Amino acid sequence: MARQKMSEIFPLTEELWLEWLHDEISMAQDGLDREHVYDLFEKAVKDYICPNIWLEYGQYSVGGIGQKGGLEKVRSVFERALSSVGLHMTKGLALWEAYREFESAIVEAARLEKVHSLFRRQLAIPLYDMEATFAEYEEWSEDPIPESVIQNYNKA
């Protein structure tokens, strides 16, 4: 309740939000608790634009994939996270990687294009350690990297 009152008066810092979220996550036991934590994440990302909070949100949402609409929820969170902080020079990389790992883990024949799309989108943005991402894409892809992707990568 103290955190709730504080958040109504002042914007909370990244550290305070993450501490509060971790406490709530550790106490969540069922679907209703999960919805409460989702609501808290929504408040946090509106209050404080932070890659670490978005990353936690994405990872937490993966835990709810077995619930009704879980897959769509995870994708929605990650897409919103990329829109909000995916361009962050030093911390955006972790978000892109988490989203790609998620999509790779649930990959089906039709989902391969989603993973390709994520690699292509990421490589078109100047981010820290881009070379490693490009090398990972070359290793992961069974096909040669399209010239347009290479050009966008070089521009970035």
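Let me start with a term: a residue is buried when its relative accessible area is under 20%, exposed when over 50%, and partly exposed in between, using a 1.4 Å probe and protein chains only. Hi everyone, and thanks for coming.

A word on ground rules. This is a predicted model, where local features need pLDDT of at least 70, side-chain atom pairs count only at pLDDT 80 or more, and totals for chains, interfaces and linings use all residues. Residues are numbered from 1 along each chain as its sequence is written, and side-chain values use heavy atoms, with hydrogens and water left out.

Let's begin with the aromatics. A pair of aromatic rings is described by the distance of the centres and the angle of the planes. Here, rings of Phe, Tyr and Trp (for Trp, its six-membered ring) pair if their centres lie within 6.5 Å; planes under 30 degrees apart count as stacked, over 60 as edge-to-face and the rest as tilted. By this rule the model has 12 aromatic pairs. One of them joins tryptophan 17 and tryptophan 20: the ring centres are 5.1 Å apart and the planes are at 10°, so this pair is stacked.

Where do tryptophan 17 and tryptophan 20 sit? They are in helix α2, residues 14-27, placed 3 residues apart, about one helical turn. When I say helix, I mean a DSSP run of H or I with at least four residues, numbered from the N terminus. Tryptophan 17 is buried, at 1% relative accessible area, and tryptophan 20 is buried as well, at 7%.

Now compare a pair in another helix. Tyrosine 137 and tryptophan 140 have ring centres 6.5 Å apart and planes at 25°, so they are stacked. Both belong to helix α8, residues 130-140, again 3 residues apart, about one turn.

The buried residues are Glu14, Trp17, Leu18, Trp20, Leu21 and Glu24. Looking down the axis of α2, these fall within an arc of 165°, so they line one face of the helix. That arc is taken from the directions from the helix axis to the C-beta atoms. On the face turned away from the buried side you find the exposed residues Glu15, Ser26 and Met27.

Next, a cluster: ring pairs link Tyr38, Phe41, Trp54, Tyr57 and Tyr60. Two of its tyrosines have a charge over the ring, meaning NZ of Lys or CZ of Arg within 6 Å of the ring centre and within 35 degrees of the ring normal. Arginine 34 has its charged end over tyrosine 60, 4.2 Å from the ring centre, and lysine 73 does likewise over tyrosine 38, at 4.3 Å.

Last stop, arginine 75 in helix α5, residues 70-85. What about its surroundings? Arginine 75 is buried, at 17%. Leaving out residues up to four places away in sequence, it touches Tyr99, Phe102, Glu103, Ile106 and Arg111, where contact means heavy atoms within 4.5 Å.

Note on methods. Helix = DSSP H or I, 4+ residues; strand = E, 2+ residues; numbered from the N terminus.
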